[in-house]
Amino acid sequence: MIRHIVFFTVPDRADLEEVRSGLSILTAIPHARLLEIGTNVKTDQLGTDVDIVVYGEFDDEAALAAYKAHPNYQLSIERVRPLREMRIAADYESAKAVRQPV
């Protein structure tokens, strides 16, 4: 399984709901096992820069690629890109993740 995590910052707080709405378009794409759009509750003492997180789980790299090729993905980008500042994405294979001390 591939886990796909994307962090966004939204410089104008007034645009936060519009970015969240634009990202919610992604939830209609059928290739994810799970897709969530979350607003950071900012309880971490060391870093509260991130405003919104996209978290997705995909069966494999092909499913993630199909998700990114879906027309709703481009639609979401067109709505969100003008309003967001930072975007950091990471994908990793869950089966290869460290789950205990090494």
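Here is a walk through this predicted model, starting with its sheet and ending with a few individual residues.

Let us begin with the sheet. Strands of a sheet pair through backbone hydrogen bonds, either parallel or antiparallel. In this model, four strands form an open sheet in the order 2-3-1-4, and the pairing is antiparallel. Strand 2, covering 34-39, and strand 4, covering 87-93, stand at the edges with a single partner strand each, so one side of each has no neighbour in the sheet. On average, and ignoring direction, neighbouring strands here are turned by 10° against each other.

Now look at strand 3, which spans residues 52-58. With strand 2 it pairs in the antiparallel sense over six bridges. You can find two of the facing positions yourself: Ile37 stands opposite Val54 of strand 3, and Glu36 stands opposite Tyr55 of strand 3. Strand 3 also pairs with strand 1, again in the antiparallel sense, over seven bridges. Here Phe7 has Val53 of strand 3 as its bridge partner. Strand 3 is mostly covered, with six of its seven residues buried.

Is Glu57 buried or exposed? Its relative accessibility is 15%, and because buried means under 20%, Glu57 counts as buried. Setting aside residues up to four places away in sequence, Glu57 touches Met1, Ile2 and Arg3, along with Ala32, Arg33 and Leu34.

Next come the helices. Helix 1 (residues 16-24) packs with helix 3 (residues 71-80) at an angle of about 170°, and their axes lie 8 Å apart. Angles over 145 degrees count as roughly antiparallel, which is why helix 1 is described as roughly antiparallel to helix 3. Helix 1 brings Glu18, Val19, Ser21, Gly22 and Leu23 to this contact, while helix 3 brings Ser76, Arg79 and Val80. Sorted by class, the residues of the contact are three nonpolar, three polar and two charged.

Helix 3 also holds Asn72. With a relative accessibility of 19%, Asn72 counts as buried too, because the cut-off is under 20%. Apart from neighbours within four places in sequence, Asn72 is in contact with Ile25, Leu26, Ala28 and Ile29.

Which residues touch the most other members of the largest nonpolar core? They are Leu23, Leu26, Ile52, Val54 and Tyr67, out of 20 residues in that core. At least two residues of this core come from each of strand 1, helix 1, strand 2, strand 3, helix 2 and helix 3.

Leaving out residues up to four places away in sequence, Tyr67 touches His4, Leu26, Ile29, His31, Leu35, Val54, Phe58 and Tyr73. Two of the names in that list, Leu26 and Val54, you have already met among the core residues that touch the most other members.

Note on methods: Residues are numbered from 1 along each chain as its sequence is written. This is a predicted model: local features need pLDDT of at least 70, side-chain atom pairs count only at pLDDT 80 or more; totals for chains, interfaces and linings use all residues. Side-chain values use heavy atoms; hydrogens and water are left out. Two strands pair if DSSP finds at least two bridges between them. Axes are lines fitted to C-alpha atoms, for helices over the stretch in contact, and angles run from 0 to 180 degrees between N-to-C directions. Angles under 35 degrees count as roughly parallel, over 145 as roughly antiparallel, 65 to 115 as roughly perpendicular and the rest as oblique. Contact means heavy atoms within 4.5 Å. Ala, Val, Leu, Ile, Met, Phe, Trp, Tyr, Cys and Pro count as nonpolar, Asp, Glu, Lys and Arg as charged, and the others, Gly among them, as polar. A nonpolar core is a set of buried Ala, Val, Leu, Ile, Met, Phe, Trp, Tyr and Cys residues joined through side-chain atoms within 4.5 Å. Buried means under 20% relative accessible area, exposed over 50%, partly exposed in between (1.4 Å probe, protein chains only).
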